[in-house]
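Here are my notes for a colleague opening this entry for the first time. Please read them with the structure in view.

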Amino acid sequence: MADSKKPKHQRYHSTAIESMYPLLALMLILVACVELCDAATVVDAYRLIQYDISGVPFGSRFSSLNHHAASLSFQRGADLSRSVLILPLRELDLGFLQDYISQKQSLGGLLILLPERFRPGNVGGGDVISETEGLRKLLAQVEKLLVHGNIPFPVYFAFENEETDAMLADVKKNDALGLQATATTGGYKLVISVSEPRKIPSPTITNIQGWLPGLRADGDSNQLPTIAIVASYDTFGAAPALSVGSDSNGSGVVALLEVARLFSTLYSNPKTRGRYNLLFALTSGGPYNYEGTQKWLKSLDQRMRESIDYAICLNSVGSWDNELLVHVSKPPDNAYIKQIFEGFSNVAEDLGFQVALKHKKINISNSRVAWEHEQFSRLRVTAATLSELQSPPELLENAGSLSDTRQNVNEDAIIKGVKLVAESLARHIYGHQGKDIKIFADDSSLAVNPHYVRSWLDLLSQTPRVAPFLSKNEPFIMALKKELEDYTAEVSIQHESLDGTFTFYDSTKASLNIYQVASVTFDLLLLLVLGSYLIVLFSFLVITTRGLDDLISLFRRPPSRKVKMV
């Protein structure tokens with residue numbers, strides 16, 4: 001035979017290579033199996049906020065996920081301790097969710113799927129108006145439930161897409177048949193691998209102020225009176241990575257910047273510079289009792305604080321139609337309050353809408369600060385808040401919720417609010433009260449710039465602004481500072497530590513890996529097929545290389561060796 005004529009070392013080398021065929025085949029099959037187990041898709045997931053108030057825990061307390069997917073197709077009360085419950089907002093049952101949050105039922109994790117229209121920066125949406133409004137109200141209820149609960153499992157938000165819709169359809173079909181996804185039955189597995197959340201050390205809040213000095217009369221050494229225009233820019237929401245607050249209070253920030261731009265033109269010319277200083281402040285800590293406003297005010301020189309004639313705080317002015325509200329703490333019959341309100345009323349009448357006055361007395365013994373102007377009032381400075389809101393939101397609510405996105409803000413409403421503030425300030429500064437004079441007329445060089453309003457509104461609607469997650473040199477904060485520098489003088493920035501009452505934790509965004517895994521039955525069948533294949537392949541190789549006798553000899557029982565005793 002040809003092989004018998006080969007040298008012994010060549011025959012050995014050939015046999016060694018051939019004996020590796022089964023191993024190579026097994027490796028190829030295993031690689032194929034690994035490819036089959038790769039993630040079906042990867043989507044961005046946004047974690048529910050985790051925070052403490054005076055040591056009391058709120059929000060989601062965990063961040064890692066590694067469970068099979070489940071849907072609402074199961075009966076209420078089902079044990080889902082080893083499952084991630086997928087809840088599309090359109091199908092969400094608040095009562096069902098309440099049972100698991102209150103720990104009456106165990107749950108491995110929760111994934112809430114939001115319609116694409118709620119994605120920050122999205123300016124379109126195919127939902128009908130009635131459906132959208134219904135989803136917004138439902139989302140607000142969900143957020144309130146989640147933010148104020150102590151939830152012992154991971155909670156994430158993601159946006160609907162073709163992949164998640166297809167996965168959910170499969171999960172629902174299997175769940176409806178009673179085939180809950182497990183290691184035995186297979187199904188989909190949701191995995192998020194992140195480190196456990198850590199406390200954010202010494203979170204900071206940053207205030208920015210700009211100054212437009214008024215024109216002194218010759219020989220006048222007295223300090224000019226000052227009018228302050230203020231807006232809080234930070235947000236708070238169920239998911240910090242999604243909390244953009246387009247209306248609350250992105251609209252107030254946009255209005256302040258446009259008012260600053262308009263008056264910078266007037267004040268750049270000594271002939272049209274008013275005999276009032278204008279002080280513009282963008283404050284942080286709004287959701288936390290307007291702590292940034294308080295610290296900013298206390299940092300002002302006492303003479304400066306005493307020179308403030310009044311302050312106008314802008315809060316949520318982007319979603320109204322025919323009426324804005326002027327919220328005050330001092331009685332309506334106060335002379336300064338009357339003057340402010342009458343100035344607004346006259347301008348509003350000329351512009352074709354209305355303003356109404358709402359008085360809310362401050363309870364000094366209560367640490368809760370409902371409106372930003374109350375921080376001024378506590379220091380005996382006259383102030384008012386201009387807002388579309390009928391009443392102040394509760395603590396840590398409606399300050400940048402998931403539903404407060406670009407689509408729900410009307411830039412025309414912001415423009416009307418800017419005209420109201422700018423015209424009323426101008427009439428007060430230049431002594432034109434009660435006169436039908438439009439300094440910022442649409443056809444003038446001092447007209448409100450819709451493009452400017454739109455561009456800043458778009459930017460704010462894409463920028464999450466939860467203060468503890470913003471660094472001191474955050475690009476967005478630097479952008480605000482630069483904008484004020486373009487239109488005001490003596491711009492300064494103030495960094496303060498957030499009150500230790502509030503503690504926040506990191507880990508706000510992660511990649512969600514969705515795996516489609518086979519059942520154990522499939523694995524066993526595959527193992528049986530592989531084993532049979534390898535045995536047949538091995539037998540074939542032995543027969544073709546060594547002969548049938550060698551194969552049979554492998555299965556013969558070797559003769560026993562008896563050890564002879566000497």
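1. Start with Ser 246. Ser 246 sits in helix α7, which covers residues 246–267. Keep in mind that this is a predicted model.

2. Is Ser 246 buried or exposed? Ser 246 has a relative accessible area of 0%. The cut-off for buried is under 20%, so Ser 246 counts as buried.

3. What is Ser 246 in contact with, once its neighbours within four places in sequence are left aside? The list holds Ser 251, Asp 404, Thr 405, Arg 406, Val 409, Leu 457 and Ser 461.

4. Four strands form an open sheet in the order β7-β3-β2-β18. The pairing is mixed. At the edges lie β7 (150–151) and β18 (502–504), and each of them pairs on one side only.

5. Look next at β2 and β3. Strand β2 takes in residues 50–53, and strand β3 takes in residues 56–60. The two pair in the antiparallel sense, over four bridges.

6. The volume of the largest cavity is about 190 Å³. Its lining has 19 residues, and the closest to the centre are Gly 286, Pro 287, Tyr 290, Asn 315 and Ala 399.

Methods: Residues numbered from 1 in each chain as written. Predicted model: local features only at pLDDT ≥ 70, side-chain atom pairs only at ≥ 80, totals over all residues. Heavy atoms only, no water. Pairing = 2+ DSSP bridges. Buried < 20%, exposed > 50% of the residue type's maximum accessible area, 1.4 Å probe, protein only. Contact = heavy atoms within 4.5 Å. 1 Å grid on protein atoms, 1.4 Å probe; cavity = no way out; pocket = protein on both sides within 12 Å on 5 of 7 lines; lining within 4 Å. Points joined across faces, edges and corners; volume = space filled by probe spheres on them.
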